[in-house]
Amino acid sequence: MFKTQRTKVMIRCNECGEKFTLRGKKGSEGKVETGFKQCLCSNDRYFDIEELP
Ligand SMILES: [Zn+2]
């Protein structure tokens, strides 16, 4: 069974502090897919990702 749930996530860059609020889809394993690739500062791995209610 594959169920997706729409959710909002806040992504905060640990390099420059930029914040992004994106809509994502939550997969069955709890991983949120946002399509977010990298920050404006070219950081593509150090992020805080927080789910918004
Ligand atoms: Zn950044």
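**The sheet, strand by strand**

Tutor: An open sheet is formed by 4 strands in the order β3-β2-β1-β4, with antiparallel pairing. Its edge strands are β3 (32-33) and β4, each of which pairs on one side only. The model is a predicted one: local features need pLDDT of at least 70 and side-chain atom pairs count only at pLDDT 80 or more, while totals for chains, interfaces and linings use all residues. Residues are numbered from 1 along each chain as its sequence is written.

Some terms come before the details. Helices (H or I, at least four residues) and strands (E, at least two) are DSSP runs, numbered from the N terminus. Two strands pair if DSSP finds at least two bridges between them. Strands of a sheet pair through backbone hydrogen bonds, either parallel or antiparallel.

The protein chain has 0 helices and 4 strands, and its elements run β-β-β-β from the N terminus on.

Take strand β1 (residues 5-13) and its pairing with strand β2 (residues 19-26): the two run antiparallel and are joined by 8 bridges. Glutamine 5 stands opposite lysine 26 in β2, and methionine 10 has threonine 21 in β2 as its bridge partner. Between β1 and β2 lie 5 residues, and the two strands form a hairpin. In the turn, glycine 17 has a positive phi of about 85°.

Now turn to the pairing of β1 with β4, which is also antiparallel and covers 6 bridges. Here arginine 12 has aspartate 48 in β4 as its bridge partner, and cysteine 13 stands opposite phenylalanine 47 in β4.

How well covered is strand β4? Strand β4 (residues 47-52) is hardly covered, with 0 buried residues among its 6. A residue counts as buried if 20 or more other C-beta atoms lie within 10 Å of its own, the C-beta atoms being placed from the backbone. In the whole protein chain, 4% of the 53 residues count as buried.

Finally, consider contacts along the sequence. Two residues are in contact if their C-beta atoms, placed from the backbone, lie within 7 Å. Among contacts in the protein chain between residues at least 6 apart in sequence, 47% join residues at least 24 apart. The C-alpha trace of the chain spans about 40 × 20 × 10 Å along its principal axes.

Notes:
Buried ≥ 20, exposed ≤ 12 C-beta atoms within 10 Å, placed from the backbone.
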